Amino acid sequence: MTEDERTERERIAELRAPGRKWVFGQLQGWNCALCAARLYADRPICAVEVDYGNVTETYQLYVCAPSCEAARAAQRPARPDGDRPVIRAPRRRTGA
């Protein structure tokens, strides 16, 4: 099994975890199931069942294509201690 297949299986297991909270757009396919970003290019990842008491609905989930920000963040190296991100001030408008 390749590293990509393993991380894909881990993501699917995370999505199917019982008690997971969903945003309406994630269940409708408008937002990424992993990072909740608006989907412009997507790919299906899995189907989940959501229990609403006495009714159970099945939803097809979609994620960003080719990869989402959550996957990219997991691949980034961790910041060393004491290294703080640069915070830039917003640009000021000049002229009229």
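About 8,000 Å² of accessible surface belongs to this protein, and carbon and sulfur atoms hold 50% of that area. Keep in mind as you browse that this is a predicted model. Of its 96 residues, 24% count as buried.

**Overall layout**
- The protein has 3 helices and 2 strands, and from the N terminus they follow the order α-α-β-β-α.
- If you take the contacts between residues at least 6 apart in sequence, 40% of them join residues at least 24 apart.

**The nonpolar core**
- In soluble globular proteins, nonpolar side chains tend to be buried together.
- Here, the largest nonpolar core is made up of 16 residues.
- Leu 15, Trp 22, Ile 45, Cys 46, Val 48 and Leu 61 have the most contacts inside this core.
- Helix 1 (3–15), strand 1 (42–51) and strand 2 (56–64) are the elements that each give two or more residues to the core.

**A buried asparagine in a loop**
- Asn 31 sits in the loop between helix 2 (24–28) and strand 1.
- Asn 31 has a relative accessible area of 17%, so it counts as buried, the cut-off being under 20%.
- Setting aside neighbours within four places in sequence, Asn 31 is in contact with Gly 25, Gln 26, Ala 36, Ala 37, Arg 38, Leu 39 and Tyr 62.

Note on methods
Residues numbered from 1 in each chain as written. Predicted model: local features only at pLDDT ≥ 70, side-chain atom pairs only at ≥ 80, totals over all residues. Heavy atoms only, no water. Helix = DSSP H or I, 4+ residues; strand = E, 2+ residues; numbered from the N terminus. Buried < 20%, exposed > 50% of the residue type's maximum accessible area, 1.4 Å probe, protein only. Contact = heavy atoms within 4.5 Å. Areas by Shrake-Rupley, 256 points an atom, 1.4 Å probe, with all protein chains shown as cover. Core = buried A, V, L, I, M, F, W, Y, C linked by side-chain atoms within 4.5 Å.
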